[in-house]
Number of protein chains: 2
Amino acid sequence: MMQKRHATVQEVGMRDGLQSVSGIMPTHDKKRWIDAAYVAGVRYMEVASYVPAKLLPQMADADEVVAHALTYGDLTVTALVPNLKGAEKALAAGVHRIVAPISVSVAHSMANVRKTPADMVEEFRRIRELRDDMDKVGRTKLIAGLSTVFGCTLQGEVPLEDVQDIVLRVLDAGSDIVALADTTGHATPGQVDRFFDALIPQAQGKLTIAHFHDTRGMALPNTMIALQHGIHEFDASLAGLGGCPHAPGATGNVATEDLVFMLESLGYHTGIDVQQLLDARSIIQQALPQAVMYGSLAHAGLPKAYSKQSNIEKAVV
Amino acid sequence: MMQKRHATVQEVGMRDGLQSVSGIMPTHDKKRWIDAAYVAGVRYMEVASYVPAKLLPQMADADEVVAHALTYGDLTVTALVPNLKGAEKALAAGVHRIVAPISVSVAHSMANVRKTPADMVEEFRRIRELRDDMDKVGRTKLIAGLSTVFGCTLQGEVPLEDVQDIVLRVLDAGSDIVALADTTGHATPGQVDRFFDALIPQAQGKLTIAHFHDTRGMALPNTMIALQHGIHEFDASLAGLGGCPHAPGATGNVATEDLVFMLESLGYHTGIDVQQLLDARSIIQQALPQAVMYGSLAHAGLPKAYSKQSNIEKAVV
C-alpha cells in the first residue's frame, strides 16, 4: 500500500486574519478558536503578532494567547515579529517559531516599515543573534517570511532577481526556514512555477512554506504548483478571514477549509477534519458579527458523497 | 522557441448561465454579449437551448440568437438539445455542434427528464441518425454532454463504473465528442484525476471537453488536472452567471475571465483578452441588474504587473 504524503496547513487567521478586520476579537474567543482548530486536527498555528498595542490593539493580548496555545503539547506555535523588540517578547513567551516579515518590494517595505528590504534582513540577523543568545538550545526556529514576492500593489512587478537576492541574504543571516508570501494576491500558477524553479535550487532545502492569498482566485491552483515543487506547508485563514486590505470585497488569505478539502482530495494527509473546520466558523461569526467570511465550501457544504471520496491513497500532484 | 499550447474556452453563459437566472435577457442583449465575447477573442460559444418556450421562456429566441452567432464566419456555434425535436430545430438552424445532455446519475435523470440514462442514450442515437439524414455532409458534430458525472445532489456518489458504461454507450451511439460535466460542483481534483485515468483510454480520443462548476471552489484545480490528462476544451460562463441552482449563494459555472486568466498564466494560448472579458460583464449587469455576478478577478482587477506576466512561453501543466 502506498504511503499517503503529508501536507501541513498552518492556521494564521488569529494573526493575519484578525490583523485586517476592524473589530477586536476578545481573548476568550481567540482561545476558543485555537481550541476548535486543535480539535479539528490543526497542529500548526500562527496565533499572534508582537507589535506595539497602540499600533495594533487587536494583538495586545499576544502573551495570553500564546500561553494558551502552548498548553497543547503537540501544537507548533508561531508568532510574527516585525523587529528585535518583538522578537525578545516572543522568545520570552516561548513560541516554537518566529516569523519575521521581509517585504521584497522596495516600495512596500518603505511604506510599511520605512526600511529597505536589505535593512530588514539586517534586523532579521539581529533577531537570529538574539535567538542564539536567549535560546541556548535553539528550539525556536526563525522563519524569514518574504512578502510581496509575486507582485505588489504599489510597485507592480517584483523581479525574480530581487527575490533571489533576498533569499540569499536571509540564508546568510541564518534563517531556519524561508516562506514565500503572495501578500497582495498577484501570483499566478505560471509565475509560481517559474519562481520556485529558480528559488528552490538556491534555498538549501529551507524554502518549505507558501502563503497564498486568494484575491484573484488563484490560491488553490498556486498551491497545486507549489506541491509539484515539493512545498509541504501552507498558510491559511479560517473563513478566509481578513479579506484583502488592498481590494474591498476581494478575498485575502485562502480559506483553511477550502485548502484542506483540496489537499485531502489530492491524496495528501493533513490530519484535519473539514467538517469540524466548517463548524468552527461560528466562533468567528459570533465574536465578529461584522466581519465578512469567505470560503466556497461553506456556501455549498460538503458534497453528499464526501465521506466516500476521502479514502484516496494515491497522491496526485 | 517553444510553441505555446492552445486551450479552447467555450462561453456557455448565454445557455447555461441564463438558464439558471430568473430574469429574461432581451435578445438584443444576448447579441451584444455574443459580439463582445467575439471581440474579446472567444471563438466557441454555446448560445442557446432548443427546448419548448413554455418550459424555458429564456430560450424562446434560440433561432434568432443562433442566426446572429452564425454571422461570424470563424465562430463555432453550439446549441443544447434535450431531445429529437430540439435537434431537428438546431440542425435546421445550422449550428456547428449539438450537445445533448445525458445525466449519469439515475436519480437526476429521472427527476429531470423522466428517462433513465440508458434511455437518454437511445434518444441520442436517434439524434445521430437524424443528423446523418438531415446533414449529409456531417458538418454538425454531436457532443454527448455527460452530466452529474462527479456526484449528484440527489443520488450522492456517482460510481465511476456508471460513467464508464455511459461513455461506451454514447460512443456506440455515434458520438463525435464526449464532454464530462460536473453539474453540481461535486468534483475534486483527486477524483477528476481518477476518473480521467480510467475514462480517457476507453474514449477513443473523443473525450476532449470538461465542464466544471465552481460550487466548492474546485473548478480551477480541476481544470489543472484535466489539462494534465490532455483535455483542451473547457466550458465557462462570463461572471459565473447562473450561480448554483442547488445551493443558494454558491457559484455555478466557473467564471470565464478567471479561467482564461489561469490558462494564460500557465502558458496556454486561449486567444482571449481578459480585460475585454471583464469589460463585457457590464452587458450582463445592465440587462439583468438582479443577477448575482461571480468571479474573483473582477473583484480585485488584473494585477498591476499583468501585462509583463502574459508573455510566458512555456506550458507548465
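This is a predicted model: local features need pLDDT of at least 70, side-chain atom pairs count only at pLDDT 80 or more; totals for chains, interfaces and linings use all residues.
Local features need pLDDT of at least 70 and side-chain atom pairs count only at pLDDT 80 or more, while totals for chains, interfaces and linings use all residues. Residues are numbered from 1 along each chain as its sequence is written, chains are lettered from A, and side-chain values use heavy atoms, with hydrogens and water left out.

**Exercise 1.** Determine how helices α6 and α7 of chain A are oriented towards each other, and which residues make their contact.

*Solution.* Begin with the axes, which are lines fitted to C-alpha atoms over the stretch in contact, with angles from 0 to 180 degrees between N-to-C directions: those of α6(A) (residues 117–134) and α7(A) (residues 160–172) come within 9 Å and cross at roughly 20°. Because angles under 35 degrees count as roughly parallel, α6(A) is roughly parallel to α7(A). The contact (heavy atoms within 4.5 Å) joins P117(A), A118(A), V121(A), F124(A) and R125(A) of α6(A) to I166(A), R169(A), V170(A) and D172(A) of α7(A). Sorted by class, these are six nonpolar, no polar and three charged residues.

**Exercise 2.** Classify the packing of α2 against α11 in chain B, and name the residues that meet.

*Solution.* The axes of α2(B) (residues 27–40) and α11(B) (residues 274–287) come within 9 Å and cross at roughly 175°. Since an angle over 145 degrees counts as roughly antiparallel, α2(B) is roughly antiparallel to α11(B). On the α2(B) side the contact involves D29(B), R32(B), W33(B), A36(B), V39(B) and A40(B), which meet Q276(B), L277(B), A280(B), I283(B), I284(B), Q286(B) and A287(B) of α11(B). The contact comprises nine nonpolar, two polar and two charged residues.

**Exercise 3.** Work out the relation between α9 and α10 of chain A.

*Solution.* Here the axes of α9(A) (residues 219–228) and α10(A) (residues 256–265) come within 11 Å and cross at roughly 45°, and that makes the two helices oblique to each other. In the contact, L220(A), T223(A), M224(A) and L227(A) of α9(A) meet D258(A), L259(A), M262(A) and L263(A) of α10(A), and these divide into six nonpolar, one polar and one charged.

Key:
Helices (H or I, at least four residues) and strands (E, at least two) are DSSP runs, numbered from the N terminus. Angles under 35 degrees count as roughly parallel, over 145 as roughly antiparallel, 65 to 115 as roughly perpendicular and the rest as oblique. Ala, Val, Leu, Ile, Met, Phe, Trp, Tyr, Cys and Pro count as nonpolar, Asp, Glu, Lys and Arg as charged, and the others, Gly among them, as polar.
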